[in-house]
Amino acid sequence: MAEIPVEYNPWVDLLRPYEPGRPVEELARELGVAPQAVVKLASNENALGPSPAAVRALREAASRMHLYPDGSCFYLAQRIAQKLGVTSDWLVFGTGSNELIVLLGLVFLRPGVAAVMSEKSFLIYRLVTRMFGAEPIEVSMKGWTIDPGALQEAIGEDCRLVFIANPNNPTGTAVSRENLEAFLDRLPDHVLAVVDEAYVEFMPEGQAPDLISRMREGKMVCSLRTFSKIYGLAGLRIGYCVAPPPVASLLQRVRQPFNVSSVAQAAALAALEDQEHVRRTLQLVASERRYLESELRGLGMEYVRSVTNFMLVRTGNGLQTFAALQERHIIVRPMDVYGLPDFVRITIGTHEQNRRLISVLRDLPGGPGRRT
Ligand SMILES: Cc1ncc(COP(=O)(O)O)c(C=O)c1O
């Protein structure tokens with residue numbers, strides 16, 4: 001309980017600030033090295049950096065940054081709507097998909113209602129649910145994969161939202177198209193399914209469920225997308241929600257009028273068109289994932305098979321591995337906060353970065369970790 005004379009919402013006491021992966025600059029300062037010497041493999045960012053076309057568009061848009069942005073993200077909405085085969089009133093933009101999760105909370109959550117989610121899934125779902133005084137209900141997984149059956153069973157009368165990260169962070173796994181579609185078929189009408197597709201572009205072609213068809217059939221489902229991952233624009237903060245227009249219009253009501261900056265809109269529009277950058281990213285992630293899998297197997301380290309640009313790796317003691325790697329200028333994410341104390345999550349980097357990671361892991365004091 002904070003000691004201030006003003007009464008505040010009691011559920012705020014349940015919240016802990018989200019601890020993101022450490023920024024490169026902070027670690028570089030601490031270690032007394034140049035930021036370029038630090039390899040950050042902690043936040044599932046794009047190893048190739050942003051699309052060069054996006055950088056050019058951002059520079060060009062910078063000369064107009066004295067003007068407020070177009071609050072509706074008009075051109076971006078038009079382009080994405082065209083790509084998805086919907087109209088612009090299906091789309092709501094936010095400062096990263098994170099903001100969309102908060103907007104969903106503003107519309108659907110309050111004390112007395114619940115949101116269902118999987119354990120070992122993106123922590124923000126729980127944080128946002130608590131932020132609105134609602135109850136997060138966390139269900140167990142089937143192995144390393146989200147279990148739609150368990151989510152289904154946990155849905156009660158007071159449930160409003162069910163969160164499914166597909167693919168899931170931090171496990172890197174995806175629910176099969178059939179299982180997710182079957183789950184949506186059985187979803188009761190009083191619940192909105194929020195399918196967080198932050199990493200969907202990394203999934204093999206044809207394996208992602210067709211959510212828009214479900215939305216057209218009247219299913220209460222929406223999809224969250226981001227420019228932070230495959231498009232490499234995490235620092236600009238831009239993402240969007242695809243939802244049936246009545247749901248989208250509720251989200252528009254609680255959105256700040258100028259939430260997404262003009263430079264982010266310009267860069268995102270250019271990044272969408274830069275399919276060469278997307279292709280190169282997919283190619284790098286696929287080949288480097290194979291490289292890391294093979295090297296980790298060689299070191300006798302368990303990992304979870306991932307369809308994304310990151311991997312969950314069992315090193316024996318995640319916090320120790322994190323600290324040891326950090327001393328050697330590599331930042332990964334320890335997984336104790338996800339209830340996985342013997343794991344770290346590693347973003348798939350460039351070949352050079354991954355080679356450095358593997359050579360440091362090999363030489364770690366006490367050996368490379370747990371053997372399978
Ligand atoms: C599953 C998942 N959803 C959403 C996000 C948030 O992305 P954004 O940068 O769009 O807020 C992340 C970021 O790591 C994520 O892993």
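1. A polar contact is a pair of N or O atoms within 3.5 Å; within protein, one must be able to donate a hydrogen and the other to accept it, and residues adjacent in sequence count only if both atoms are side-chain atoms. In this predicted model, local features need pLDDT of at least 70, side-chain atom pairs count only at pLDDT 80 or more, and totals for chains, interfaces and linings use all residues. Residues are numbered from 1 along each chain as its sequence is written, and side-chain values use heavy atoms, with hydrogens and water left out.

2. Tyr 199 has a side-chain N or O atom 2.7 Å from a ligand oxygen. For Thr 226, a polar side-chain atom is 2.5 Å from an oxygen of the ligand. For Lys 229 the distance from such an atom to a ligand oxygen is 2.9 Å. The protein buries 93% of the 390 Å² that the ligand exposes when taken alone (Shrake-Rupley accessible areas, 1.4 Å probe; for residues, only the protein chains shown count as cover).

3. Residues around the ligand (a heavy atom within 4 Å) include Phe 122, Asp 196 and Arg 237. Helix H4, residues 96–108, gives the most to this shell, with three residues. Helices are DSSP runs of H or I, at least four residues; strands are runs of E, at least two; both are numbered from the N terminus.

4. The model has nine aromatic pairs (Phe, Tyr or Trp rings, the six-membered one for Trp, with centres within 6.5 Å; planes under 30 degrees apart are stacked, over 60 edge-to-face, the rest tilted). Trp 144 and Phe 343 form an edge-to-face pair, because their ring centres are 5.3 Å apart and their planes at 65°. Trp 144 is in the loop between strand S4 (135–139) and helix H6 (148–154), and Phe 343 is in strand S13 (residues 343–347), so the pair ties together parts 199 residues apart in sequence.
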